[in-house]
Amino acid sequence: GPIDSDTCKTKSYSYGLFHNQGEWMEQACMSQDFNCSAIHQQGVQTMPLKLDLTPVPAKETTYMCQIFDFPDHDNDYHLIASTPIKDNVNILHHMVIFGCEDDVEPRSAYECDMLPDRRCKLILTVWTLGLNGDCFHSNAGVRIGKHGLKRVAVQLHWNNPGLIADSTDSSGLMMHYTPHLRPHDSSVFLMGNEHFIIPPRTPSTSVVARCASSCTSEKLNDTIYVTSGLNHMHYLGRSMTVEQIRNGAVIKTILNDPVYDYDSPRLHFFPDPIPVQPGDELRTTCHYSSLYKNATTVFGESTNEEMCYAFLNFYPYQSISQGRNPFCTTYGSLSGCDPSTYHGCRGYENDKYRNDITQLEIYKNVTRDCRPLATCTD
C-alpha cells in the first residue's frame, strides 16, 4: 500500500531508534525551513552574535564565549527569534545566548565554562545540532535595551573527538528583535540532573530530576506560562519526558520524546501556553541505553558523556521571585532548593558535596578503565 497508509505507518521496526515506520517518517520528513513569519514583520532588526574567527584546539571538548554590547541603550526591544550562523559544522555541538548584568564588559572570543561569566546566567535561547532556529511565542519576547538586557553573551560548545588541530570556527547566533513590544517578557526555565552514572552494556537506565513543589514555591511568585520546550541528552539517550505534578498527581506531560535522537532534536511548541503554578512539581525523566558501550558513562560536557536537561520557554519573567533564578537542577538526589534532600545537612554543608568530582580527570580514568559497574570483563 501507499507509504503513508495505516498499514505502512504501523509496520514494526526491530532495530534502531524507531518503533514503527510512522515514527521514522515523522522524523525523516521534518522540514529544514525556519518558519517564523514574525522575523519578516516591519521594524524587525538583526544583530549577529558571531564568534571571532578562532582556532579550534586539538581536544575533545571546548567551550568558547564572546560578550557583546547591545547597541541601543535608549529604547526598549523584544528579542523574538534566533537563527544559527553555522561556519564549522563539523565541530558544533550547541550554542546558547545568555543575558548578562549591566556591568559586564564586552569581551572578544575566549575559552569559558558552561557559563560565560558568573554574571551572565540568564538563558535567552538555545540552538543544538538539528535545529533550524528558535521562534518565540507571539505573546512574549526577551526584553533588551533601555529597561532590559544591555550585555549578551554567546557560548559555543565545540566537539572535536578526532583531536583535529588545524581547523577554525566563527559560528554564532543571529538575534532577531523588534521595537514593537509584545504583552509579556519571556525567559527560559532550566531543569535537569547534573550527577549520574550509566553502567555499560545495560539496555535501560533511568535518571530522574525533581524540581520539587518547595522549589517552585520559592522560585515563582505567580503562575508562569510555558510556550515551548526542548529535551536534551546525548547519544545514549532513548526517550525523555517532563511531567507536571500537582498535589501528588501527574496533571500533564509537558514534554514527551518517546523516541529521542540527538541528531534530530524536537522543539515542542504550545500555541495555548501551559500554566505552571507555584507549588507544582516538575519531574524530568531521561532514559538511556548503553547496550553497545563497554565503558561506564558519567554526566559531562562531551558527547561521549551524557546530559539530562530540559529547557522551557515561559512568560512572564516577572513571575520569577526577586533574587531567584529560573534554574532548578539536581545533583544526583540533592536539590539546590529543596532542603528535604540534604539528609540533615545545612545548606552550606550540602554545597561541599556538590563539587562535580565526575569532571576530575582521575575519576574519568578510573570509571573508564576499571569499569566498576561493568557486568563483563572482556
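A search of the whole structure turns up six disulfides, a disulfide being a pair of cysteine sulfur atoms within 2.5 Å. Counted along the chain, the bonded cysteines of the protein chain follow the pattern 1-6, 2-4, 3-5, 7-11, 8-12, 9-10.

The model is a predicted one, in which local features need pLDDT of at least 70 and side-chain atom pairs count only at pLDDT 80 or more, while totals for chains, interfaces and linings use all residues. Residues are numbered from 1 along each chain as its sequence is written, and side-chain values use heavy atoms, with hydrogens and water left out.

Take Cys36 and Cys135 to begin with. Their sulfur atoms sit 2.1 Å apart in a disulfide, and with 70° about the S-S bond this link is right-handed. The pair links distant parts of the chain, 99 residues apart: Cys36 is in the loop between α2 and β1 (45–50), and Cys135 is in strand β8 (residues 134–135). Helices (H or I, at least four residues) and strands (E, at least two) are DSSP runs, numbered from the N terminus. Cys36 is buried, with a relative accessible area of 3%, and Cys135 is buried too, at 17%. Buried here means under 20% relative accessible area, exposed means over 50%, and partly exposed is in between (1.4 Å probe, protein chains only).

Next up is the bond between Cys211 and Cys328, whose sulfur atoms are 2.2 Å apart. The torsion about this S-S bond is about 100°, so the disulfide of Cys211 and Cys328 is right-handed. Cys211 lies in strand β16 and Cys328 in strand β24 (residues 327–331), so the pair ties together parts that are 117 residues apart in sequence. Cys211 is buried, with a relative accessible area of 1%, and Cys328 is buried at 3%.

Cys286 and Cys308 make another disulfide, with an S to S distance of 2.1 Å. A torsion of about 85° about the S-S bond of Cys286 and Cys308 makes the disulfide right-handed. This pair also links distant parts of the chain, 22 residues apart, with Cys286 in strand β21 and Cys308 in the loop between β22 (297–298) and β23. Both Cys286 and Cys308 are buried.

Six of the eight residues of β21 (residues 281–288) are buried, so the strand is largely enclosed by the rest of the structure. Strand β16 (residues 205–211) pairs with β21 in the antiparallel sense over seven bridges; two strands count as paired if DSSP finds at least two bridges between them. Cys211 has Leu282 as its bridge partner in β21. Strand β18 (residues 237–246) pairs with β21 as well, antiparallel and over eight bridges, and here Thr241 stands opposite Thr285.

Elsewhere, six strands form an open sheet with mixed pairing, in the order β20-β17-β23-β14-β24-β25. At its edges are β20 (267–276) and β25 (334–335), each pairing on one side only. Within the sheet, β14 (residues 187–193) and β23 (residues 309–315) run antiparallel and are joined by six bridges, with Ser187 partnered by Phe314 in β23.

Now for the inside. A nonpolar core is a set of buried Ala, Val, Leu, Ile, Met, Phe, Trp, Tyr and Cys residues joined through side-chain atoms within 4.5 Å. The largest one has 82 residues, and Ile123, Met175, Phe189, Met191, Ile254 and Tyr288 touch the most other members. Strand β5 (residues 92–100) gives the most to this core, with six residues. Apart from it lies another core, of seven residues, among them Cys36, Val44, Ala81 and Cys135. Beyond four places in sequence, the contacts of Ile254 include Val226, Phe270 and Leu312, where contact means heavy atoms within 4.5 Å.

As for confidence, pLDDT is the predictor's confidence in each residue, from 0 to 100. The protein chain averages 86, and 83% of the residues score at least 70. Among its elements, β21 has the highest mean pLDDT (98) and helix α2 (residues 21–28) the lowest (51). Over residues 13–18 pLDDT stays under 50, and the model has 13 contacts beyond four places in sequence for this stretch. Residues 374–378 also stay under 50, with five such contacts.
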